[in-house]
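I opened a new page today to keep track of what I look up, one entry at a time. Come along and check each entry against the picture.

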Amino acid sequence: PLLLESNLLDKLLLAWFRHEIIHEINHGETLRLDDQSCLLKWCRQHWGHRLESLYLDSKNKLDLISYRVLNVDRLNLAHELYYRLKANEATFDQLCMRYSMSSEKFNIGTFTDVSLSSFPPLMQSAFTSMQVGDLHKPVKNGQTFAVVQLLKYMPASLDQQSEERLLLLQLNEWQQMMIQAVRDRLKLN
C-alpha cells in the first residue's frame with residue numbers, strides 16, 4: 001500500500017524487471033555485458049523472431065523528423081508570425097526568441113531526430129504533408145498554436161538501429177503489461 005500511495009510501485013517494478021533481466025543474461029557469462037546490451041540480448045531472445053512483423057506494425061513509430069517550432073497562445077499572432085516568416089521579414093530564430101512561449105525558446109525552436117509518433121495526430125498529419133524546408137500554417141498544439149518547419153524527414157528502414165528501437169519498444173510494452181498485472185493482483189488481495 002505504501003508503494004501505491006507514494007507512486008513508487010511502477011518505478012520499483014521497472015527496476016526489478018531490469019535487474020532480473022540483466023542477472024538472467026549475465027548469469028553464466030564469462031564476460032559481463034553492459035546493461036543495455038543485456039536488455040537487447042534478452043529482447044532478441046524473446047522477440048527477435050518477430051522483428052519483421054514488428055517493423056511493419058510499428059513503422060510509423062520509427063520515422064524520425066527534425067523540425068523547428070514556434071508556439072504562441074493566440075491564433076492571430078501565430079498567423080502573423082507565419083506570414084512574416086513566409087515573406088522573409090524575420091528569421092525563425094528571431095521570432096522564436098521573441099515570441100515563443102515554450103521551452104523551444106532556449107534552443108531557437110530546433111529539435112532533431114524526434115519520433116513522429118510522439119506528436120498528437122494533428123501535428124503528425126501536418127509533418128507528413130510537408131516537404132523538407134516547408135513551413136506549415138499554424139496548427140493547434142495543446143493550449144498553443146504552432147508554426148512548424150520541417151528540416152529533415154527520415155523514414156524508418158529495418159536496420160540495426162531500428163531493430164534495437166523496436167525491441168526496446170516491445171520491452172516497454174511488456175513492462176507496462178506486467179506492471180498492470182501486478183497492480184491488478186495487488187487489488188485482488
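**Entry: Ala126.** I began by asking which residues Ala126 is in contact with, leaving aside neighbours within four places in sequence. I found His136 and Val139. I am working from a predicted model, so I keep in mind that local features were taken only where pLDDT is at least 70. Ala126 sits in helix H7, which covers residues 121-128. I then looked at the pair Ala126 and His136: ten residues separate them in sequence, and their C-alpha atoms are 7.1 Å apart. Is Ala126 buried or exposed? I noted a relative accessible area of 4%; Ala126 counts as buried because that value is under the 20% cut-off.

**Entry: Leu171.** Next I went to helix H8, residues 160-188, where Leu171 has its place. Which residues does Leu171 touch, once those up to four places away in sequence are set aside? I wrote down Ile21, Leu39, Trp42, Cys43 and Trp47. Leu171 has a relative accessible area of 6% and is buried. I also checked a pair that lies apart: Leu171 and Asp93 are 78 residues apart along the chain, and 39 Å separates their C-alpha atoms.

**Entry: cysteines.** How many disulfides does a search of the whole structure find? The search gives zero. For Cys38, the nearest cysteine sulfur belongs to Cys43 and is 11 Å away. Cys38 is in no disulfide because a pair of sulfur atoms has to be within 2.5 Å to count as one. Cys38 is buried, at 0% relative accessible area. I looked up Cys96 too, and Cys96 is buried with a value of 0%.

**Entry: positive phi.** I looked at two loop residues here. Asn88 is not a glycine, yet its phi is positive, near 55°. Where is Asn88? I found Asn88 in the loop between helix H5 (75-86) and helix H6 (92-99). Asn88 counts as exposed because its relative accessibility, 68%, is over 50%. Ile108, not a glycine either, has a positive phi of about 55°. Ile108 lies in the loop that runs between H6 and strand E2 (110-115). At 31% relative accessibility, I put Ile108 down as partly exposed.

**Entry: the whole chain.** Then I stepped back. The protein chain has eight helices and four strands. Reading from the N terminus, I get the order α-α-α-α-β-α-α-β-α-β-β-α. What is the radius of gyration of the protein chain? I noted 22 Å, whereas a compact globule of 189 residues would be near 16 Å. The C-alpha trace spans about 65 × 40 × 30 Å along its principal axes.

Entry: I took the contacts between residues at least 6 apart in sequence, and 65% of them join residues at least 24 apart. Of the 189 residues, 35% count as buried. The chain exposes about 11700 Å², and carbon and sulfur atoms supply 54% of that area.

Notes
Residues are numbered from 1 along each chain as its sequence is written. This is a predicted model: local features need pLDDT of at least 70, side-chain atom pairs count only at pLDDT 80 or more; totals for chains, interfaces and linings use all residues. Side-chain values use heavy atoms; hydrogens and water are left out. Buried means under 20% relative accessible area, exposed over 50%, partly exposed in between (1.4 Å probe, protein chains only). The radius of gyration is taken over C-alpha atoms; the globule rule is 2.2 Å times the number of residues to the power 0.38. Contact means heavy atoms within 4.5 Å. Accessible areas come from the Shrake-Rupley method with a 1.4 Å probe; for residues, only the protein chains shown count as cover.
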